[in-house]
Amino acid sequence: MNSNPKTLVKVRSGSQLLLESLEHQGVKEVFGYPGGAIMPFYDELVRSGIKHYLCRHEQGAALAADGFGRTTRRAGVCIATSGPGATNLVTGIANAYMDSVPMVVITGQVANALQGTDAFQEVDIFGITLPIVKHSYIVRRAEDIPRIVAEAFHLAENGRPGPVLIDFPKDVSIAMVNDPPAPPKLEWIPPQADKASVAAALEMLEDARRPLIFCGGGIAISDSVDAFRSFTRASGIPMVTTLKGIGVMPSDDPVFLGMVGMHGRGSANHAVQNCDVLMVVGARFDDRATGQLSKFAPAARVIHLDIDPAEISKLRKADVSVVGELEPTLKAMTGRVSVNRLWREQCKTWKKEFDWRYDAPGDGVFAPLLLKQLSELGGPDMVVTCDVGQHQMWVAQHCKFSNPLKHLSSGGLGTMGYGLPAAIGAKVADPESTVVCVSGDGSIMMNIQELATLNRYGLAVKIVLLDNSYLGLVRQWQELFFDGNYSETDLSDNPDFARVAEAFGIEARTLDRRDDVQDALQWLLATDGPALLHVLIDSQENVWPLVPPGKANHEMMTAGEIGI
Amino acid sequence: MNTVSHQLRIELSTAEGAMLRALGLMERRGYLLQTCRLYAEMEGRKVLDIQVESDRPASLLKRQLERLHDVLTVKVKSEAAPAVGKFNARTSK
């Protein structure tokens, strides 16, 4: 026992130390679910200054942390116990990895001495997640916790962000540490593009007759939106985006031609196929964007700007690569190139030619029009989260965004069930914002238990549930490419979603007439607390245009072609 | 495409899982491991000599390995990897 007050040592348990380390990183909210191996941590959690959001499934917790991380550009934190708790996080971790979302994942683990013995709820989550984390740790000594947590946040948030896993054995969580070490101060020095490659990029753009910018999620992730807009507006170069790039330029800006790819806008796809220089900014040639890669931008030389060298020439050879932080690179390029008028006029013509139409026949709800109305009612500050399927593509096409951080969509992994938990994360991150989750009747069932989370914390998330009684996008492909063999996509035995929501304590309405859309949306946005609008739509409605498999992006199928 | 053999030398930290992480990445990214030799730990580092086969370039594997936190250096022994950011603007596709 140390009786000299001048030399009193601080004594902390591993769990206390982990919580202190999280607080040291500025963590105020976490998402999780308790269980056996993580119990000592949860025992201390309620005495900490950190607010815990109990999700009703670990996948919900991981995806909520993703939504938080995407919205704030700081690591979202999720917590689960060992074994099934940890494996239930896996989809959320993979989702964050694929979309470069900062996240710190804490998993309970059986005690060190029990590992490798097939102990109760033992699973090698470190091994399972190796392919889907930016980095991971198993904490072997409680003394290492401050360093590991500091490194985890440093890695998760800097460079190309991603999820970092900390596996936390039970014996470490209860071990006592005398005078724990202070966390290290870690400095991030952003990589800067070399001047020669910037000059080469500018030279190629100057030579171009039909230059085009193709931008992705990297611009928002690196907080380079302002620099990007300055460069693009000064140059006048037309631009297209990936799904994750939506919002880097306001949707109604003249240079913005739309999203490219499988369900991209015709103007964007035609511009890509006809450009002679393609400047790729923070995008990775995802196959949903490129279609048949060998036919993508066939006449173009490529300039590729990215912070991650491993993306350069991974799929499409870069003629000029500019590796480094995007913002200073874009600033260095601003005001030094311009684009010829003829090409700009051509792009404008395409934009007009391929404008969206909302004059669908009938009096049923036309989902694209509803989403356009929602976007107009909600305004530019509304956050929209999506699930995956037809509704996700309709949001990308018909909602207007002027900030990429307001559009949360599972791009790389395509995770059905993402929308609702992501909305929880976004609402926790910014309680004052209007957060709308647009979902489908297939997707909502993947994480419907999170309605209980909305109710528990009174999170005023608004849900627009587009219900066509099918797995719509799969049904569409079955119709077009599988001879109408609708294998296992009929969901006509869906529950009454409005009653389900009400059973969770959430106000709900059902909508089935186009004339009632405006009133219903106004009700949804004006309702205090969480609310759900159950929207019945035509089960045969398809997403257009569509680039068939193996085709180039300009070879789009449209509704008219197949007589719809 | 033609499959080509690449030889690389990788210096790893001694952190838990470092070798598993590096070897797993190779196979997942389309590089089939042919031979592998791990040298005794020296000065807090492990040295791994590997031979892989792939129709993908060694330079891409090098950059993907270099992303790993535990990977300290990667040298391609059998193929000169183009330096990132040094492509000439006039180079055709």
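Biologist: Which residues have the most contacts inside the largest nonpolar core?

Modeller: In this predicted model, the largest nonpolar core has 184 residues. Those with the most contacts inside that core are A:Cys78, A:Val104, A:Phe214, A:Val272, A:Leu278 and A:Ile303.

Biologist: Leaving aside its neighbours within four places in sequence, which residues is A:Cys78 in contact with?

Modeller: Contact here requires C-beta atoms, placed from the backbone, to lie within 7 Å. With the neighbours within four places in sequence left aside, the partners of A:Cys78 are A:Val30, A:Phe31, A:Gly32, A:Ala61, A:Ala62, A:Ala65, A:Leu89, A:Gly92, A:Met103 and A:Val105.

Biologist: How many residues does the second, separate core have?

Modeller: This core includes B:Ala18, B:Ala22, B:Val52 and B:Leu61. Its residue count is 16.

Biologist: How do the residues of the contact of α3(A) with α18(A) divide into nonpolar, polar and charged?

Modeller: On the α3(A) side the meeting residues include A:Leu63 and A:Phe68, and on the α18(A) side they include A:Ile424 and A:Val428. By class, the residues of this contact are 11 nonpolar, five polar and one charged.

Biologist: Which elements of chain A each supply at least two residues of the side that touches chain B?

Modeller: Between the chains, 25 residues of chain A are in contact with 18 residues of chain B. The side of chain A concerned has 15 nonpolar, four polar and six charged residues. The elements of chain A that each supply at least two of its residues are β6 (135-138), α9 (195-207) and β14 (320-323).

Technical notes:
Residues are numbered from 1 along each chain as its sequence is written. Chains are lettered from A and ligands numbered from 1 in the order in which they are written. This is a predicted model: local features need pLDDT of at least 70, side-chain atom pairs count only at pLDDT 80 or more; totals for chains, interfaces and linings use all residues. Two residues are in contact if their C-beta atoms, placed from the backbone, lie within 7 Å. Helices (H or I, at least four residues) and strands (E, at least two) are DSSP runs, numbered from the N terminus. Ala, Val, Leu, Ile, Met, Phe, Trp, Tyr, Cys and Pro count as nonpolar, Asp, Glu, Lys and Arg as charged, and the others, Gly among them, as polar. A nonpolar core is a set of buried Ala, Val, Leu, Ile, Met, Phe, Trp, Tyr and Cys residues joined through C-beta atoms within 7 Å. A residue is buried if 20 or more other C-beta atoms lie within 10 Å of its own, exposed if 12 or fewer, and partly exposed in between; C-beta atoms are placed from the backbone.
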